Amino acid sequence: MAWPKWQGKVNFLPIEMARELAWLEVLPFVTLLWACECGFGSDRLYFQLLFQQECAGLLNLFRGLHNTPNCNAPEQGSTLQLISVNSPCSPFRPKTQLSWPDTVLQMQSSDKARLQYLSSLLVAAGRRSIVPIASGRAVTQNPTYIVRAKIGTPAQTLLMAVDTSNDAAWIPCTGCVGCSGAAIYDSSKSATFKPVSCGAAQCNQVPNPSCGGATCGFNLTYGGSTIAASLVQDNITLATDSVSGYTFGCIQKATGASVPAQGLLGLGRGPLSLLSQSSSLYQSTFSYCLPSYKSPNFTGSLRLGPNSQPKKIRTTELLKNPRRSSFYYVNLMGIRVGRRVVNIPPTAFSFDPTTGAGTVFDSGTVFTILVKPAYTAVRDEVRRQMGNATVSSLGGFDTCYTVPVTVPTITLMFSGLNMSLPQDNFLIRSTAGTTSCLAMAAAPDNNVNSVLNVIATFQQQNHRVLIDLPNSKLGVAREPCS
């Protein structure tokens, strides 16, 4: 009998039938997998109503153990594979596997550096109107998610970090001093390459522009690194779409170890972002779906343009902050833990362009950061609902348990949109499943980001996030991305 092709869709199980299925728990593993995939007999019993989490976990386990990703699968239309850094398709995956505590601590360390970087953007914006070109992963040069991009004619393939809080792309180029990546763009091999002159408008849109010669140059600080680059243009191909004369930074010198080895693709809102440079093609619209951090063998997707976007998706208004013009600000109004709306001061979520206060969606931060009053209230409500269970800590996580967590969901309540997070989106569990920690943290007290809430990738995994700039909307819908 042929194994059915996974379609990612299930039907609902009538309650009266579900009540009679207790005997299924004694069925063999393969039979239960079959039941989750395609049900039994003519009734097509799919378990979504009562067994959604059990089936999803079982199928992900089976697929993760037995599927090998096709790293060279052709990309169609305007949809790209969004690859986790830990995927077998990623050259940036760790050479040695860290223990679970060390992995958690490393991710937390990266988040601290990311917040420091976001803070530097606001400080810089106070001195000038242009947001610097840089990315956020400031401890490791490995990005969180990468896409395959082809630069030049003939095409040179690079795996570039995706960053929704930055604008322009920048790429290590031949002759770069201090660049560590094996894949480096060679402009001499491209028939469509050309430098950007000092008099071009784009030269005024980069940080610290300089004109030692005819070509526009610039310098920036990125995490613990400094970068010197020239501004150039060449064709970029994403999936099967090509954008001619794409402007990006060609890195000539880098110090430190914070630079993503094959460059950065900025998906922010500024004038040098992919959205702005390809507005006639993609109409300033895109969406992404991040695979689970537990499913490195699977890729998510980045969909560019209005086509193939979900038709039925709840949205919330995007807010504009001139001082952080790249960021996707939204109006977070409250948080519900289980069925209880947490008592949080409204000032914790207030949007203030002057101070940078508010809430943003970000692709470079791993764990959601809440301003201290909001985080404390959420954490205390989780602890209250857990009763007398013993609380422990791990690194920056202060609410960990060695017993099953009974809180079913945490809901982020935006204007016009509720984003309901199942446990896989707010608990980080040890490999053995013996320890679970609340996967959120409080914003630091000592810098600009003490007033910034960041909705991070751990909470976004297995959700489709839609950015629709023409209508100034951000949408979120649950979707199995892994």
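Predicted model: local features only at pLDDT ≥ 70, side-chain atom pairs only at ≥ 80, totals over all residues.
Residues are numbered from 1 along each chain as its sequence is written, and side-chain values use heavy atoms, with hydrogens and water left out.

**View 1. The protein chain holds eight helices and 28 strands.** Helices (H or I, at least four residues) and strands (E, at least two) are DSSP runs, numbered from the N terminus. Of the 482 residues, 52% count as buried; buried means under 20% relative accessible area, exposed over 50%, and partly exposed in between (1.4 Å probe, protein chains only). Among contacts with a separation of 6 or more, 68% come from residues 24 or more positions apart; a contact means heavy atoms within 4.5 Å.

**View 2. Four strands form an open sheet in the order E16-E15-E21-E22, with antiparallel pairing.** Two strands pair if DSSP finds at least two bridges between them. The edge strands, pairing on one side only, are E16 and strand E22 (417-422). Strand E15 (residues 332-337) pairs with strand E21 (residues 409-414) over five bridges, and here isoleucine 335 stands opposite leucine 412. E21 and E22 share six bridges, with threonine 409 opposite proline 422.

View 3. Strand E16 (residues 340-341) pairs with E15 in the antiparallel sense over two bridges. Look for arginine 336, which stands opposite valine 341 in E16.

**View 4. A second open sheet of four strands has the order E19-E20-E24-E23, with antiparallel pairing.** Its edge strands are strand E19 (392-394) and strand E23 (427-429), each pairing on one side only. Neighbouring strands of this sheet are turned by 40° against each other on average, direction ignored. E19 and strand E20 (residues 397-401) pair over two bridges, and leucine 394 stands opposite phenylalanine 397 in E20.

**View 5. Helix H7 covers residues 372-385.** After the helix comes glycine 387, whose phi is positive, near 65°.

**View 6. H7 packs on both sheets.** On one, H7 touches E15, E16 and E21, and its direction makes about 15° with that of E15. On the other, H7 touches E20 and strand E24 (436-438), and its direction makes about 15° with that of E20. Axes are lines fitted to C-alpha atoms, for helices over the stretch in contact, and angles run from 0 to 180 degrees between N-to-C directions.

**View 7. Aspartate 362 sits in the loop between strand E17 (358-361) and strand E18 (368-370).** Is aspartate 362 buried or exposed? Aspartate 362 is buried, because its relative accessible area is 0%. Its side chain makes polar contacts with the side chains of serine 165 (2.6 Å) and threonine 365 (2.6 Å). A polar contact is a pair of N or O atoms within 3.5 Å; within protein, one must be able to donate a hydrogen and the other to accept it, and residues adjacent in sequence count only if both atoms are side-chain atoms.

Conventions: Expected span 1.5 Å × (residues − 1).
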